[in-house]
Each structure stands twice: as structure tokens, then as C-alpha cells.
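Please consult the sequence and the structure shown below while reading.

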Amino acid sequence: MHPNAQLLTNFYAALSQADAATMGACYAPDATFTDPVFTDLKGDEVPKMWRMLCSRATDFNVTFSGIEADDRTGRARWVATYAFSGTGRRVVNHIDSSFTFKSGLIV
């Protein structure tokens with residue numbers, strides 16, 4: 001397995017355990033993050049987002065698959081299932097993620 005594929009495997013294993021500290025350690029200090037809800041996060045905003053999400057997660061489950069990575073880029077498919085905090089309703093979110101790496105970390 002490519003080291004960056006292992007990095008992503010470790011990242012998603014940590015997410016499945018709501019282990020934001022391990023997830024944050026997978027990111028470079030100058031990392032950026034964007035998705036439909038959290039747009040244009042930079043630097044320490046990225047691990048702070050994961051800490052906030054992990055601390056609020058209730059009835060939370062993550063599965064992941066399709067991890068691929070090389071020296072520069074990677075991708076993964078994952079499914080997050082959780083209770084939405086505002087309503088308590090169950091959410092099943094299917095996500096395709098893409099990554100860029102530098103010096104063995106997510107940027």
C-alpha cells in the first residue's frame with residue numbers, strides 16, 4: 001500500500017472513532033479544506049472543524065472504501081451516518097473525497 005493510501009486509511013479509521021486529534025495530525029499546517037458546508041478553511045481551521053464535528057457527533061458511524069493514492073493525490077469514498085443535532089433525524093451522507101499530499105501529509 002502506498003504511504004499516502006495508508007495515511008488516508010489512518011485518517012478514516014480515526015474519523016470512525018471520532019478521534020479528531022489523530023485526524024488533525026494527518027494535515028499539513030498549510031492545509032486547505034472545502035466542501036458544500038465548510039468552504040475555504042485554511043491552516044488550523046481544518047483540524048478545528050474536525051474537533052467540532054467529532055465532539056458533536058451522536059449516533060455516529062463511518063464506513064470507507066475505494067482509497068487510492070500516489071505521491072501527489074488521493075481519493076476515497078465514505079459514508080457518514082449520524083443523528084442530525086437540530087432535529088434528531090437520521091442522516092446518511094455518501095461522500096467522494098479528493099486529496100493532495102505534500103511531505104506525507106494532506107494539504
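Strand β3 (residues 61-69) pairs with β4 in the antiparallel sense over 7 bridges; two strands pair if DSSP finds at least two bridges between them. Helices (H or I, at least four residues) and strands (E, at least two) are DSSP runs, numbered from the N terminus. A hairpin is formed by β3 and β4, with 3 residues between them. Ser 65 stands opposite Arg 77 in β4.

This is a predicted model: local features need pLDDT of at least 70, side-chain atom pairs count only at pLDDT 80 or more, and totals for chains, interfaces and linings use all residues. Residues are numbered from 1 along each chain as its sequence is written, and side-chain values use heavy atoms, with hydrogens and water left out.

The largest nonpolar core has 25 residues. Such a core is a set of buried Ala, Val, Leu, Ile, Met, Phe, Trp, Tyr and Cys residues joined through side-chain atoms within 4.5 Å. Buried means under 20% relative accessible area, exposed over 50%, and partly exposed in between (1.4 Å probe, protein chains only). Phe 11, Leu 15, Tyr 27, Trp 50, Trp 78 and Ile 106 touch the most other members. At least two residues each come from α1 (3-16), α2 (20-24), α3 (45-56), β4 (73-83) and β5 (90-102), and α1 gives the most, with 6 residues.

Asp 40 is found in the loop between β1 (32-33) and β2 (41-42), whereas Ser 103 lies in the loop between β5 and β6 (105-106).
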